[in-house]
Every structure is written in structure tokens, then in C-alpha cells.
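Subject: Handover of a structure

Dear colleague,

I am handing over a structure for your files.

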Amino acid sequence: MKTSRRSFIRSASALGVLAALPGCTKALDTTPKPLDILILGGTGFIGPHEINYALSRGHKITMFNRGKTAPDMFPDIERLIGDRDDQLDSLKGRDWDAVIDNSGFYPRHTRLSAELLHGHVGQYMFVSSISAYAESLTVQDDEFSAAYAEMEDPTDESDSIYGETYGSRKALCEQEVTKVFGDNAINIRPGIITGTGDPTQRLRHWLERMQAGNEILVPGQEDLPVQYIDAADLCGWMVRMLEDGSGSGPYNAVGAEDPYRARPLLEGLRDATGSTSTLTWIDWEWIRKETSETPNYGPWYGEGPMAFMQVNNDRARASGLAFRPIANTAKDMIANLDQHTVTWGRGGFDSDLEAELLRKWHAENG
Ligand SMILES: NC(=O)c1ccc[n+]([C@@H]2O[C@H](COP(=O)([O-])OP(=O)(O)OC[C@H]3O[C@@H](n4cnc5c(N)ncnc54)[C@H](OP(=O)(O)O)[C@@H]3O)[C@@H](O)[C@H]2O)c1
């Protein structure tokens, strides 16, 4: 029987599925001290992974959001209604052991919640992004050597949450949390997150194409480095870090141990999913001569290796982050594919153009 996303979300904690997952290099404390955890957000993509894992570990959850996104999700969990912008009253007069802030995108919002919660929560875990780094990032950088992305006017809130200034705003949000919470501030910087519920086409594009079973055009270099992290690995590790109270400062949360390489990654996904697709690699130079279309293949954004796809994860791994095989992620996603709502990001060329490019390429190259 197929598992719907909703039934996955509801049943995972009851079955203890997430508690048993990898994503952990330390011996698991099977009976952690129960924590009261506040989740700012909770009903989008990674929130449900955090909540299910935390429930499976015996913690108590309170959510804070506007009640707009998936209002019926987690009917048995306390939900405080408010808005990061200016309605934080429902958070007043309450105490929690820790907060996970998923929904901070503007420094003013993050400052407001950090200041209000200071003295009322022990640890403030902010979900940032590797986009907080400046374009000058190199493969040699770690959390402390890399420069932050900057914006001209840090008070400018005119951009959409995932707009151009997303990364520089994340950097400023981190700084707001650290100013208020000091050593009790934890800034998690994920790279590309995927897994059950991923609302983007970034991995799903390939899985859907493989399910169709036809020849697939793969642009670019076969050994291009790529990093994905499964939301379940990320969120399990985040919750365990709150349990042992050892987290502090910034962590690059990117997978896997070493970056994947494009060809073995895609061939592995194809084999894991039982697809009969053939993968045809075509370099960008040839493609460019044929079309000016620039599809967002993510993470094959660039035409060569990117530092943002080879981010150093030593600090996170030393604190217990580990990764399930990407084939398992793919299988989970395929089992739930019809329940994923793609809200942003497209993948690949239009199918007619892809077929035409393949036809021409074979005519020239056999
Ligand atoms: N996906 C990736 O690859 C990736 C990579 C790096 C970092 N990240 C970061 O991961 C984080 C997690 O995002 P997610 O969508 O998965 O989180 P989530 O917690 O599952 O969902 C977002 C939540 O925020 C709430 N929310 C949105 N605007 C709000 C507002 N103004 N006031 C109060 N609540 C609000 C939404 O509910 P309502 O709409 O009901 O308010 C929803 O519950 C983000 O910070 C993102 O930047 C993601």
C-alpha cells in the first residue's frame, strides 16, 4: 500500500521509524530527558521531520505559525497563532527548553523573537543556509573562515523570503540570534535539502524522468560534485543536538561524507529505483550551440564545479551528523511522489526540446 505524505507524517512517530534511522554517528541515548521544544513554523517541509523525530524521542512540541500552511497538520500538537512580523503575543509568558526557528527570513523578525524568548528558552537553534556565505566561498573554507553575504541596506524588507537577498538576510538573522543568545545560539546552515516532502524539483526531476523509463539528457560534467541532505537526517541530528545540549555556533549541514559525483549519483538513483532509463551525458558547450534555454537543473546550476556544492561539513559530522544512502532517500521520495506539492523550482528542459536535443546529438555522435 502506498503511504501518503500525510499518513507518513502522522504515522512515522507512532512507528518509531524516524528514531531508528541513520543520520547519527553517536550512540543513541534511547531515553533522552524529555524536552519542551518550541518550533517556529512546523508545517512546511522540514518542520514535520523535526516534529515527528522529536515526538518519537519523547519530547513535547509547541508550534508557532499563522495557521495558513497546512492548518490541519498535527491536530494533537499545541499551536500558537501569530506572525513573525508583529504578532508575537502568544509566545509571551511561556517557557521552553529550546526553540527551533525555521521561519526566520528577515533580521528584524528574528531579533523580535530572540529578544522575546531570551530568558524563556535555553537554546535557540536558527535554521539558516549556506546561502549566508558570500560568493567568494572556496572549498578550503569552513564555518569560521568564510565571508558572509552582505546587503546594501540591512533593514530592507522589500524582497520576498527566497528572493535575491535571501542569503545576506540569513547571515544577519544569525547575527541577531547570536547577539541575544551568545553560546546558546546554534546556527544550522543546510545546503540543498531533499527527502520526503521536498517541495522542489531539484531531485524530483530526475526521479520522475527515471520513472518514465526513457532516455534522459544529462547536461554537464560527469564528475560534477553535488551535495544533498535528506531532511530526516538533518532534523534528527538537530533534535539530538538539543538533547545533549552540546551545540553552539554555526554548522554547515550538507551531505554526504564527501560530495556525490553526478554520474555515480544519477546511475545509483536509476538502479535504486529500478528504472530502465538510459542516461546520455551532453556537455554544455554543445547544448549552448543548439539552444539558449537555461533550465534550472539544480544543483547542476553551474557549468562547472561550485564551492557551494563542496561545502565543508567536518564540524557537523564531528557533532553527530551522518547520512543515509541517497538511494534510500530516492526510494522514500518515489513512494510519496504523488503527495509532494511542488511549490518552486522547475527541473530540466521542456520534454519536446529535450527529445529534439537528444535526436540531434545522436545524429552527430551516434
Ligand atoms: N529547502 C532547502 O533546500 C533549504 C536549504 C537551506 C535552508 N533552508 C531553510 O529551511 C527552513 C525551513 O523551511 P520549511 O518551509 O521547511 O519550514 P517549516 O517550519 O516546515 O515551514 C514553514 C513554517 O513557517 C510558518 N510561517 C511562515 N511565515 C510565517 C510568519 N510570517 N509568521 C509565523 N509563521 C510563519 C508557516 O506556517 P504559516 O504559513 O501557517 O504561518 C510554516 O509552518 C527555512 O528557513 C529555509 O530558509 C531550506
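Predicted model: local features only at pLDDT ≥ 70, side-chain atom pairs only at ≥ 80, totals over all residues.

Residues are numbered from 1 along each chain as its sequence is written, and side-chain values use heavy atoms, with hydrogens and water left out.

Overall composition

The protein has eleven helices and 13 strands; these are DSSP runs numbered from the N terminus (helices H or I, at least four residues; strands E, at least two). Of its 366 residues, 54% are buried, where buried means under 20% relative accessible area, exposed over 50%, and partly exposed in between (1.4 Å probe, protein chains only). Among contacts (heavy atoms within 4.5 Å) with a separation of 6 or more, 79% are between residues 24 or more positions apart.

The sheet

Seven strands form an open sheet in the order E3-E2-E1-E4-E5-E6-E11, with parallel pairing; two strands pair if DSSP finds at least two bridges between them. Its edges are E3 (78-81) and E11 (249-253), each of which pairs on one side only. Neighbouring strands are turned by 20° against each other on average, direction ignored. H4 packs on this sheet, touching E5 and E6, and its direction makes about 170° with that of E5. H6 also packs on the sheet, touching E1, E4, E5, E6 and E11, and its direction makes about 170° with that of E6. For these angles, axes are lines fitted to C-alpha atoms, for helices over the stretch in contact, and values run from 0 to 180 degrees between N-to-C directions.

Strand E1 (residues 36-40) has four of its five residues buried, so it is largely enclosed by the rest of the structure. Five bridges join E1 in parallel to E2 (residues 60-65), and Asp 36 stands opposite Lys 60 in E2. With E4 (residues 96-101), E1 pairs in the parallel sense over four bridges; there, Leu 40 has Asp 101 as its bridge partner.

Helix H4

The 16 residues of H4 (residues 166-181) should span 22 Å at 1.5 Å a residue, which agrees with the 22 Å between its end C-alpha atoms; the expected span is 1.5 Å times one less than the number of residues. Its buried residues include Tyr 166, Arg 169, Cys 173 and Phe 181. Their cover includes helix H3 (107-117), strand E5 (121-127) and strand E6 (185-190). Just after H4, Gly 182 takes a positive phi of about 55°.

Nonpolar cores

A nonpolar core is a set of buried Ala, Val, Leu, Ile, Met, Phe, Trp, Tyr and Cys residues joined through side-chain atoms within 4.5 Å. The largest has 57 residues, of which Ile 188, Tyr 228, Leu 234 and Trp 237 touch the most other members. Helix H6 (residues 231-244) gives the largest share, eight residues. Another core, of 17 residues, lies apart from it and has Leu 80 and Phe 126 among its members.

Backbone features

Most residues other than glycine have a negative phi, and most peptide bonds are trans. Phe 74, in the loop between E2 and E3, has a positive phi of about 55°; Phe 74 counts as buried because its relative accessibility is 10%. The peptide bond from Gly 255 to Ala 256 is cis, with omega near -5°.

With kind regards
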